[in-house]
Each structure stands twice: as C-alpha cells, then as structure tokens.
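Biologist: I am new to this structure and would like to go through it with you, beginning with the ligand and moving on to the helices.

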Amino acid sequence: MICMRRPELLAMLHAQVSEKSICVAHNCTGITTAGAKVAVEFAAQDARTFDAVIGADGAKSLVRSYVTGVTQEPVYRGYSIWCGVVVCDPGDDSSNRIQEIWGSGRRFGILPIGKNALCWYATDTRGKTQEDSADNRKLELLNLFTGWPSPIPEIIRATPPRDILKNGAADLGLRGPWFKHRVTIIGDAAHPLTPNVGQGCCLALEDSLVLSLALQKTGEVERAFQLFGPARRKRVAAIVRATRWIGSVGQSRSKAAVFIRDQLLPAFLPLVFELAVRPIHRYDATKPFS
Ligand SMILES: Cc1cc2nc3c(=O)[nH]c(=O)nc-3n(C[C@H](O)[C@H](O)[C@H](O)COP(=O)(O)OP(=O)(O)OC[C@H]3O[C@@H](n4cnc5c(N)ncnc54)[C@H](O)[C@@H]3O)c2cc1C
C-alpha cells in the first residue's frame with residue numbers, strides 16, 4: 001500500500017497534462033443536450049459546447065443529476081470523520097506502520113506518508129455532523145480522545161487547527177446508469193462512498209483508466225460510455241458494501257456489540273482481511289473487459 005498526500009498526487013497528475021488543456025475556476029451550473037453535442041453552462045464564463053462530458057465533480061455532483069434525472073445527496077451514515085496531516089516524531093514506531101485503534105463508537109487511524117509526516121483520522125458516532133470553527137474542532141477532538149493511548153493525544157495536539165478537516169460519513173450506493181447520451185460520471189460523482197477502506201480516490205483513478213481503455217477499444221464515445229459502467233459496477237459495489245460494513249461495525253456504541261466485536265475480531269481478523277480486504281488489493285484495472 002502506498003500512502004501519499006493529495007497535493008503530491010495532484011502534482012504528479014498535473015505534470016502529465018498540457019497547461020493549455022486545463023481551465024480552472026469554471027463552476028459548472030448546468031448541462032443540456034445540444035444535438036449531437038453537449039452544452040455546458042458556467043457561473044462566471046460563457047457556455048460552451050463539447051463532443052462529450054466526463055463529470056468528475058465529486059460526491060454532490062451536478063453532472064450526476066443530469067445523468068440520473070434526479071438530485072440525490074449522499075446519505076449520512078451516523079458518524080463524523082476528522083482528518084489531518086502533521087509532521088511530528090511520535091517517539092515510537094508509529095512513523096512506519098499503519099494503525100487503527102477502536103473504541104466504543106470512536107476510532108483513530110494513523111498512516112505514515114513519508115518525510116516524518118503522518119496522516120491521521122478520527123471518527124465519532126453521532127446523530128448529525130455540525131459545522132464548527134477550526135479551534136473548536138481541535139478542542140473537541142482532544143476531549144473525545146482524552147485517555148486514549150499514546151501517540152493519539154500527542155498527534156492531535158501537534159496538528160495546527162487549520163489543518164484539521166471534518167466531514168460526515170456518507171454514501172449513496174450505486175444508483176441509476178452512469179451515462180446519458182454523451183455525458184458520463186466517474187469517481188465520487190458516480191459512487192460516493194464512506195472512507196473506511198481508503199479506496200475512494202483509488203476507485204476514481206481506476207475509473208479514469210477503465211474509461212480510457214473503453215474509448216481505445218470502441219473508438220466511439222457513446223459505446224465507450226456504455227461499456228464503462230458494467231465493467232466497473234461489480235468492483236465498486238463490493239467496495240461500497242465492505243466500507244459501509246466496516247463503518248457500522250467500527251462505529252457501534254452498543255456495549256454488547258462492542259464486547260462481542262472486541263472478543264471475536266482479533267481471532268477472525270486474518271480471515272476478514274483475506275475475504276474482504278485482500279480481493280480489493282488484487283484487482284487489475286488494466287484488464288477490465290476480460
Ligand atoms: C475523511 C476522508 C478520508 C479519505 N481517505 C481516503 C483514502 O485514504 N484513500 C482514498 O483513496 N480515498 C479516500 N477518501 C475518499 C476520496 O477523498 C474521494 O473518494 C476522492 O477525492 C474522490 O475523487 P473525485 O475526483 O471523484 O472527487 P473530488 O476529489 O471530490 O473532486 C471533485 C472536484 O470537482 C469540483 N467540483 C464540484 N462541483 C463542481 C462544479 N459544479 N463545477 C466545477 N467543479 C466542480 C470540486 O471542487 C473538486 O475539485 C477519503 C475521504 C474522506 C472524506
């Protein structure tokens with residue numbers, strides 16, 4: 001497994017594309033069919049027509065609303081997630097191993113990302129995820145994880161408040177088709193998922209590879225868009241199910257459920273890993289149609 005920061009990944013992808021082909025600050029506000037083309041409207045720029053559109057506009061995708069004909073927000077799954085990146089020496093071997101520590105309705109994960117940097121995340125089961133200020137976020141986290149083993153409190157304390165993000169865990173399952181006419185969706189736009197197996201970004205990258213292979217194979221946009229969805233659905237569905245399941249087991253607050261989980265999971269962890277996680281890592285995105 002390779003863990004890296006999003007800006008580093010974006011810089012690597014950016015380096016492969018000509019500067020002229022990227023237009024930033026184009027907030028898409030509408031999509032319509034224009035004969036054999038697609039018309040796209042923007043908030044502060046003139047509308048333009050394209051031969052085809054690939055919507056990679058994230059979990060609250062506007063392009064998904066066009067493709068499916070309905071506007072659906074991802075469904076909240078009952079817990080908040082904070083994440084941050086910090087450069088620190090935790091004083092133990094945390095800087096070279098991936099860890100996740102489970103409590104009652106709470107989890108804390110640590111991922112080394114090189115150069116003494118750690119990416120961490122924390123979760124807490126709650127009815128709603130509310131907006132708050134960066135300072136309050138850090139204070140709340142310190143309270144929630146008081147008494148948790150070292151280096152958890154140290155890592156939270158060392159993270160600047162502005163570097164702590166908070167989200168609600170949400171997903172949408174696999175709804176409707178992923179294309180209409182000459183418009184398709186990929187990544188979180190097609191399949192927003194909870195982050196428990198750390199695969200959302202990976203799925204988005206796989207989607208783009210499979211879509212490009214479909215375009216090479218068919219040489220025609222609509223046929224490629226048609227081929228893309230069925231080639232991806234089984235894999236994506238398995239990951240959406242696995243991550244939702246891990247979230248519900250990991251976030252349980254029932255005393256009995258936590259007791260049974262903590263007694264059984266250590267014994268069955270190798271089996272769970274073999275059945276649920278290993279197949280995720282074995283997938284070969286370069287052969288999607290075989
Ligand atoms: C706490 C947390 C931890 C995670 N950890 C991992 C992990 O370890 N590994 C992993 O693989 N994944 C992880 N994920 C999931 C990952 O972040 C997402 O699955 C991934 O970012 C999806 O990529 P995307 O390109 O489809 O969408 P996004 O990254 O959401 O990008 C969408 C882009 O579209 C833009 N946009 C949106 N609407 C419009 C519009 N109308 N017009 C123009 N532009 C628009 C947005 O500004 C944004 O730049 C995590 C997610 C969370 C919340």
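Biologist: How many residues of the shell around the ligand are nonpolar?

Modeller: This is a predicted model, and its ligand has 20 residues around it, of which G58, G187, G198, G200 and C201 come nearest. Divided by class, the shell has two charged and seven polar residues, and the nonpolar ones number eleven.

Biologist: Which element gives the most to the shell around the ligand?

Modeller: At least two residues of the shell come from each of β5, residues 75–87, and α5, residues 200–218. The element that gives the most, with four residues, is α5.

Biologist: Are α5 and α6 roughly parallel or roughly antiparallel?

Modeller: The axes of α5 and α6 lie 8 Å apart, and the helices pack at an angle of about 150°. Angles over 145 degrees count as roughly antiparallel, so the arrangement of α5 relative to α6 is roughly antiparallel.

Biologist: How many residues of the contact of α5 with α6 are nonpolar?

Modeller: α5 passes α6 in a right-handed crossing. Among the residues that make the contact are L203, V210 and L211 of α5, together with L227, F228 and I239 of α6. The contact divides into three charged residues, one polar residue and a nonpolar group of eleven.

Biologist: Is R233 buried, exposed or partly exposed?

Modeller: R233 lies in helix α6, which covers residues 221–250. A residue is buried with 20 or more other C-beta atoms within 10 Å and exposed with 12 or fewer; because R233 has 14, it is partly exposed.

Conventions. Residues numbered from 1 in each chain as written. Predicted model: local features only at pLDDT ≥ 70, side-chain atom pairs only at ≥ 80, totals over all residues. Near = placed C-beta within 6 Å. Nonpolar A, V, L, I, M, F, W, Y, C, P; charged D, E, K, R; others polar. Axes fitted to C-alpha atoms, helices over the stretch in contact; angles between N-to-C directions. Parallel < 35°, antiparallel > 145°, perpendicular 65-115°, else oblique. Left-handed = near helix turned anticlockwise from the far one by under 90°. Contact = placed C-beta atoms within 7 Å.
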